[in-house]
Amino acid sequence: MSIEAGLERYEKVNDMIKAELRKKSKAVVKNVNGQRYIGCALEKGKVIEVHGTPGNDMACYMDGGKVEVFGNCQDAVGNTMNGGEIIVHGHSGDAMGYGMRDGQIFIKDNVACRGGIHMKEFENMKPVLVIGQNAGSFLGEYMAGGIIVLLGLGLKKGEKLFGTHCASGMHGGKIFVRGSFPKENLSQNIKVANLTDSDKKELDGLVKKYCKCFGADYGEIMAKPFKKLVPATSRPYANLYTAN
């Protein structure tokens, strides 16, 4: 039995989802029309399948569960998520994965501005954001840890892999980029590096998972070379706050 969201207020829709998940491990929600907070703090072992366009803060603070969206998403999906998995069969709005601390997000198409802002990692907690097409400005802004993978699939002529100020203030983590990319859009504190053997193994697993999620061609993806964007310093703004 599925939950019909329609034009119901987000509070009622979320109450119905929680009631369903108290009885079962999975809830299916159809005709979603911008209702917010779906999957908020979703715990391990619980799954929500979303059909439609969920509103802001979907899967915020998620704690090990899984949310799969058959459609596009609005802003701040995976906000401060603490673990779990988000799969989006479409596009995503701004601030995807804001402050995420663990877990994995796979976006079939593109992400708007400030994807992966302030991602962070600690010990065995390492957040991952995989984007199938391209990303807007400020990708990986203030990034402190984790991994972003940018595949650049299906780009039209003239489209860039990422917008301006990529990785502005980044001081940890890494961004894998496939094919050519606009170096003029990189922040000054970033350096471009070749992948190590460890990087290649890590990337390979993530690309295979993306292909499994969306039916993409692994061989086609890996036919183009990847580079790694990493911070040149752990204190990109030090000179702004200290005397010379």
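**Exercise 1. State what share of the residues of the protein chain is buried, and describe its overall dimensions.**

Solution. Of the 244 residues in the protein chain, 52% are buried, where buried means under 20% relative accessible area, exposed over 50% and partly exposed in between, with a 1.4 Å probe and protein chains only. The model is a predicted one: local features need pLDDT of at least 70, side-chain atom pairs count only at pLDDT 80 or more, and totals for chains, interfaces and linings use all residues. Residues are numbered from 1 along each chain as its sequence is written, and side-chain values use heavy atoms, leaving out hydrogens and water.

Next, take the dimensions. The C-alpha trace spans about 60 × 45 × 35 Å along its principal axes. A compact globule of 244 residues would have a radius of gyration near 18 Å, and the protein chain agrees because its value is 18 Å. This radius is taken over C-alpha atoms, and the globule rule is 2.2 Å times the number of residues to the power 0.38.

**Exercise 2. Count the helices and strands, then place the residues phenylalanine 138 and alanine 167.**

Solution. The protein chain has 4 helices and 11 strands. These are DSSP runs numbered from the N terminus: helices are H or I with at least four residues, strands are E with at least two.

Phenylalanine 138 sits in the loop between strand 7 (128-131) and strand 8 (144-150). Its phi is near 65°, a positive value in a residue other than glycine.

Alanine 167 is in the loop between strand 8 and strand 9 (172-178). Alanine 167 is not a glycine, yet its phi is positive, about 60°. Alanine 167 counts as buried because its relative accessibility is 0%.

**Exercise 3. Describe the charged side chains of the protein chain.**

Solution. Count Lys and Arg as positive and Asp and Glu as negative, leaving out His and the chain ends. This gives 33 positive and 26 negative side chains. Place each charge at NZ of Lys, CZ of Arg, CG of Asp or CD of Glu. The centres of the two sets then lie 3 Å apart.
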